[in-house]
Amino acid sequence: MPRIAKELGPLEIKRITAPGYHAVGCVPGLMLQVSPTGSKSWLLRVTVGTKRREIGLGAYPGVGVALAREKAQQTRDEIVAGVDPVAARAQARQSIIEQQIQEKALQWTFRRCAEAYIKAKAPGWRSAKHAQQWDNTLQTYVYPSIGEMLVRNVNIGHVTAIIEPHWTTKTETINRVRNRIELVLDWASVRRLRTGDNPARWKGNLDKLLADRLDPKLQEEAALVEGVRQAARQLKETLEATEKIAVLQKEKNELDAQLQVFTDKGVDKKLADMTLFDGDRQATVAWQNALKELGSNLKDAADWEDAVSAFPVLKSMRSEPIADDLDAAKAKSDQANSLAQ
């Protein structure tokens, strides 16, 4: 047990001015420390377990003589009871710090963390465009879901809800989004704004839930192949359309040639000018008018036979040579029109 120094009274303690450590008595190890600048503080020198401790008890005269002796005796009693006062103080201080950190974490949403991360990292990125891409993808895919959520509460369920719907259709883009979520959460963890595993981590985490990503080179090659296939389909459709147009043009030319025969016999010029490329309604009206004109202008059996040879549909109009009865010709023409439609 350390030797107890002579007990000094308040006035004697007040008169101590020499720099150093001065025993004041009453409680073993209680010292008044005087700094070279003249400031004074209380110190308790004591052994805790196998370690020599110097425990501060406060500044003098804020902590008076009586209070200093009381605190020194209380500290010695704690040591006897098996408590390390230094460790207990450190633990209490840490508890206060943790509480403050938790209170601070209640102020940090995912959006705020992401904005702070971008602000901190953007100066080292290759261009301002990269920072804009970050903001755009987070605005599109992330903020609507977890932007206003406390970063400490983001879990794997929230992350998969963002990633999974687009994983097979926008793999590269959504993987960048996943990586950006991961980086923001890592930043928040280092800042002690959240604890636990990073739910956006791929290896050993999301790779167990989502399909494996294709190699970007293979995806590029697949896109090129699909592009070639699409171009081939378009070329085939173009060729088929060209061939169809050629066939229609040939039929038009043949029809024009046949119509020219009857133009000389007084058939309305509209029939000769009619093409296969008119609208259906317009072509039908022109065809009906042409049939009427044809039926009223053919005057003899020879003309009728030429017309039936060129236009078989006219055969239903009459089976005998055309007479001068225009009403009868019109009736047969209407019947032919009905068959043509």
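Glu70 has its place in helix α2, which covers residues 65-80, in what is a predicted model. The secondary structure of the protein comes to twelve helices and four strands, and buried residues make up 32% of its 341 residues.

- Glu70 and Val27 are 43 residues apart in sequence, and the distance between them in space, taken from C-alpha to C-alpha, is 8.6 Å.
- Pro61 lies in the loop that runs between strand β4 (51-60) and helix α2, and the peptide bond that joins Tyr60 and Pro61 is cis, with an omega of about 10°.

**The protein as a whole**

- The protein exposes about 21,500 Å² of surface, and carbon and sulfur atoms supply 53% of that area.
- Among the contacts in the protein with a separation of 6 or more, residues 24 or more positions apart account for 50%.

**Helices α6 and α7**

- Two packed helices are described by the angle between their axes and the distance between the axes.
- For helix α6 (residues 156-163) and helix α7, the axes come within 10 Å and cross at roughly 155°.
- The two helices α6 and α7 are therefore roughly antiparallel to each other, since an angle over 145 degrees is counted in that way.
- The crossing of α6 and α7 is right-handed, and the contact is made by Val159, Ile162 and Ile163 on the side of α6 and by Ile174, Val177, Arg178 and Ile181 on the side of α7.

- When neighbours within four places in sequence are left aside, the residues in contact with Asn198 are Glu182, Leu185, Asp186 and Asn205.

**Thr109 between helices α3 and α4**

- Thr109 has its place in the loop between α3 (85-105) and α4 (110-121), and at 18% relative accessibility it counts as buried, because that class takes in values under 20%.
- Apart from neighbours within four places in sequence, Thr109 is in contact with Gly147, Glu148, Met149, Leu150 and Val151.

**Residues with a positive phi**

- Cys26, which lies in the loop between strands β1 (20-23) and β2 (30-34), has a positive phi of about 80° although it is not a glycine.
- Cys26 is partly exposed, with a relative accessible area of 39%.
- Arg192 lies in the loop between α7 and α8, and its phi is near 60°, which is a positive value in a residue other than glycine.
- Arg192 counts as partly exposed at 41% relative accessibility.

Key:
Residues are numbered from 1 along each chain as its sequence is written. This is a predicted model: local features need pLDDT of at least 70, side-chain atom pairs count only at pLDDT 80 or more; totals for chains, interfaces and linings use all residues. Side-chain values use heavy atoms; hydrogens and water are left out. Buried means under 20% relative accessible area, exposed over 50%, partly exposed in between (1.4 Å probe, protein chains only). Contact means heavy atoms within 4.5 Å. Accessible areas come from the Shrake-Rupley method with a 1.4 Å probe; for residues, only the protein chains shown count as cover. Axes are lines fitted to C-alpha atoms, for helices over the stretch in contact, and angles run from 0 to 180 degrees between N-to-C directions. Angles under 35 degrees count as roughly parallel, over 145 as roughly antiparallel, 65 to 115 as roughly perpendicular and the rest as oblique. A crossing is left-handed if the near helix is turned anticlockwise from the far one by less than a right angle, and right-handed if clockwise.
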